[in-house]
Amino acid sequence: MFYIKQNLFLYLTPRQKSQLLSFLKSFVKKHSNLSVEDILDKFIEEENYYSEINNPHFEFILDYLEDEDFMREFKIFAKSVFEEMKYKETQKPIIEAQKAKAKEFRKKAQDFKMSKMKPTKKQLYYYEKVARAHGIAMKDVSNASRLDLRDWIMEIIDPKENVEDFADE
């Protein structure tokens with residue numbers, strides 16, 4: 001994609017080219033259900049409309065809208081945007097798997113860190129209140145870690161019930 005951008009619209013200034021390519025990329029993505037030729041026609045139609053009402057998106061493009069080089073370069077860029085979208089779609093499952101693994105790794109790292117830390121006063125106080133409220137005997141907290149207290153509190157608040165118990169009824 002980078003090399004394609006370098007070789008297109010060389011008659012524009014770098015700033016004009018950047019503005020145009022950014023707009024074209026979002027325009028092509030917005031109208032991705034159309035063919036490249038239809039997108040080009042729609043772009044030219046919109047730009048002509050906006051120039052007629054004296055509010056063009058890009059004044060510097062108006063002279064090039066009928067130019068064959070502009071149309072050819074537009075099609076090349078639109079095709080590259082479609083290829084990029086297709087590539088990103090194929091990479092989506094891999095990226096999602098990487099995100100899930102990273103999330104799991106962060107959770108394990110946090111659990112490890114919590115297992116080495118002493119519980120806070122708030123955590124001890126909260127555990128005591130929750131245990132009393134649910135009528136559960138408190139465990140010995142003298143050698144407990146933050147992870148232990150978090151797990152004990154979660155057991156009290158959200159007990160894991162067996163699905164089999166409900167299936168029998």
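Reader: What should I know before I start?
Author: This is a predicted model in which local features need pLDDT of at least 70 and side-chain atom pairs count only at pLDDT 80 or more, while totals for chains, interfaces and linings use all residues. Residues are numbered from 1 along each chain as its sequence is written, and side-chain values use heavy atoms, with hydrogens and water left out.

Reader: Which residues of helix 2 are buried?
Author: The buried ones (under 20% relative accessible area, with a 1.4 Å probe and protein chains only; exposed means over 50% and partly exposed in between) are K17, L20, L21, L24, F27 and V28. They sit on the same side of helix 2, because they cover an arc of only 130 degrees around the axis, taken from the directions from the helix axis to the C-beta atoms.

Reader: And which are exposed on the other side?
Author: On that other side of helix 2, R15 and K30 are exposed. Helices here are DSSP runs of H or I with at least four residues, strands are runs of E with at least two, and both are numbered from the N terminus.

Reader: New topic: how many aromatic pairs are there in the whole structure?
Author: The search finds 13, where rings of Phe, Tyr and Trp (its six-membered ring) pair if their centres lie within 6.5 Å, and planes under 30 degrees apart count as stacked, over 60 as edge-to-face and the rest as tilted.

Reader: Where do F70 and F74 lie?
Author: Both are in helix 4 (residues 68-115), four residues apart, which is about one turn of the helix. F70 counts as buried at 0% relative accessibility, and F74 is buried at 1%.
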